[in-house]
Amino acid sequence: MFNLLKELYDYAVRENLTAIPGFKKRTVDAYISLDKDGNFIGIVPPESKKVLAPDLGSTANGTQKCNILISKAEYVLALGDGNTAVKHEFFKSALKEASEFEPEFCVVSDLLDDNERLENLRTELKNSKFKSDSAIGFMIDGKPLEKFTGYYDWWQKFRKEQCGTSVGNKVCIITGNESSPVATVPKVNGLMSVGGHTSGDAIICFDKAAFCSYGFKQGENASVSEEAITAVNAALENLIADAPVHAKTKFVHWYKEPMKADYMKILEYDCAYDMFDESDEEDEEDTNSLIIDKSEVKKLVKSIRKGEKPTMPENIYYIMPLSGGNGRIMVRGFDEGRCEDLHNSIKAWFEDMDLVRIGGGLLSTPKLFRIYKRLLKFSDKDNDIQSRIKDELTGLDNAIMNAIIKGYPIPDSAAVRTLAQIRSRMYSDTKSDFVKYPDSVCCQILKVWLIRRGKKMETCVNENYQSDAYQLGRLFAVYAAIQKKASPDVNVGVVERYYSSASVKPAFVLGKLASLSQYHLANVAKVDKGAAIHYSKMLADISCKVKLPMPSVLTTEEQAEFALGYYQQCAEIFKPKKNTDNTENN
């Protein structure tokens with residue numbers, strides 16, 4: 001934990017993210033604009049929704065105090081009684097005190113003391129359709145109050161008086177320097193999408209007696225200086241803002257030294273084998289609204305594909321999945337390693353994922369979202385995939401991530417889920433142009449799973465692969481192709497009727513299909529004798545590779561081999577003639 005905090009602190013210093021203690025990026029919905037004489041100009045929107053402003057932390061969540069300069073409209077304009085009125089008086093009193101150090105603040109302070117002008121502001125706010133809980137601030141001649149600097153020294157003293165501090169100096173666990181520890185650690189924003197609190201979440205907290213010892217109070221139990229924790233929080237908010245949501249966490253990552261080639265961005269982008277080829281398998285909507293520089297991703301993928309070494313092999317990467325819970329930051333894991341190892345792991349992932357595309361060429365390596373989607377139970381109406389991923393893939397998501405980043409095997413449960421997805425899609429899919437084939441991403445997942453179990457799976461069809469299940473999958477593909485050739489307009493064919501059974505209990509089904517194929521071949525021969533001969537030779541060649549008796553039940557591993565045998569044989573049957581040589585070379 002200490003190493004984690006120190007690395008975050010170093011990142012904040014390196015990126016110049018260290019903010020002034022007592023300030024925080026806060027949301028502002030609107031500004032009340034005044035001229036230098038205090039005349040009302042209008043209610044204007046902010047240039048940015050997040051601004052650096054004074055912040056009292058958890059103290060502002062009590063019943064008597066609130067943040068100054070920017071706060072809820074009900075506190076600023078006294079839109080209620082009770083605690084709201086108390087907080088309004090605090091806001092007004094603090095602003096009047098600050099005006100002794102920043103004279104421009106007198107303009108606002110005088111306005112809040114004038115009941116008639118204050119009532120006019122309430123009317124203007126209501127007409128502008130802002131709510132009482134909207135965060136508002138003030139502008140004087142177009143300059144927001146928080147942009148003034150003359151009140152800074154006063155604010156530091158005032159804040160410590162309001163929040164309180166621990167007595168005496170202690171060694172900061174982040175920097176190792178002696179300093180007065182903060183009593184409570186300020187909160188970090190940005191985790192609401194993964195269970196975080198609206199007011200933020202703390203990376204260190206002591207709200208339970210079990211977290212305290214030796215008579216220490218609150219932050220004395222793990223003392224951190226205000227300067228250090230402010231830097232850590234700034235780093236966290238910066239990293240969280242750019243982090244994608246993977247299952248139930250924000251996938252936070254960074255590097256020890258600045259690095260333009262961000263390996264983790266590869267996980268958010270479909271990486272084609274030939275990065276000059278812009279075509280992707282399908283356009284699946286991902287709710288991660290990340291801005292990704294695809295040119296940089298392509299450049300990195302090309303370098304990995306070409307076998308080039310990483311530009312900074314000794315650099316260190318850090319990965320830290322985060323979520324929120326009851327106002328606390330939940331660190332779901334922490335991993336670090338050399339960029340060279342990460343480079344090699346992703347290269348291995350690309351190679352293991354490589355699979356021929358139906359119609360020629362190779363498939364893209366799918367982004368993480370598309371992989372997770374295939375591990376869900378199949379549904380024709382998936383309106384909220386991310387919620388389902390959060391609910392259904394807990395634990396499995398981290399295992400997939402480790403398979404990519406560390407080169408670990410894929411869990412067996414992923415293969416079971418993928419096979420179920422294939423069977424469902426094969427039954428419900430409505431493709432009619434070619435013989436139906438298993439979902440390509442599912443097949444890529446199964447290929448990696450098999451390879452990391454010691455199986456030597458090829459990118460294209462492997463006629464000599466010694467597995468009855470694989471050869472039976474190939475055989476099933478030929479049966480389906482023959483029927484399609486004989487009856488091109490059939491709505492429910494061999495695949496829809498028999499794939500699920502054949503992939504689990506082949507002996508129960510394939511004998512019947514062998515008989516049907518002879519009937520279909522006879523029909524094919526009437527219109528295309530060459531095609532009938534071609535398919536007959538294909539059946540004979542594959543059949544001689546299957547040992548008898550035919551297996552009655554296939555294991556999970558054999559079902560995966562069956563699916564890949566079927567898919568790769570389909571790719572072989574329907575490959576474009578003009579690309580025959582290139583495909584075989586691949």
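## Salt bridges in a predicted model

Arg-388 counts as buried, with a relative accessibility of 18% (buried means under 20% relative accessible area, exposed over 50%, and partly exposed in between, using a 1.4 Å probe and protein chains only). Its partner is Glu-392, and the two form a salt bridge (a side-chain nitrogen of Lys or Arg within 4 Å of a carboxyl oxygen of Asp or Glu). Glu-392 is partly exposed at 29% relative accessibility. Helices (H or I, at least four residues) and strands (E, at least two) are DSSP runs, numbered from the N terminus.

A word on the ground rules: this is a predicted model, in which local features need pLDDT of at least 70 and side-chain atom pairs count only at pLDDT 80 or more, while totals for chains, interfaces and linings use all residues. Residues are numbered from 1 along each chain as its sequence is written, and side-chain values use heavy atoms, leaving out hydrogens and water.

Here are some of the pairs side by side.

| Salt bridge | N to O distance |
|---|---|
| Arg-388 and Glu-392 | 2.9 Å |
| Arg-338 and Glu-314 | 2.9 Å |
| Arg-338 and Glu-340 | 2.6 Å |

Arg-338 meets Glu-314 in a salt bridge. This pair links distant parts of the chain, 24 residues apart: Arg-338 sits in strand S14 (residues 335-338), and Glu-314 in the loop between helix H8 (294-305) and strand S12 (316-325). Arg-338 is partly exposed at 27% relative accessibility, whereas Glu-314 is exposed at 53%.

Elsewhere, salt bridges link Glu-89, Lys-92, Lys-96 and Asp-113 in a network. In total, the model has 30 salt bridges.
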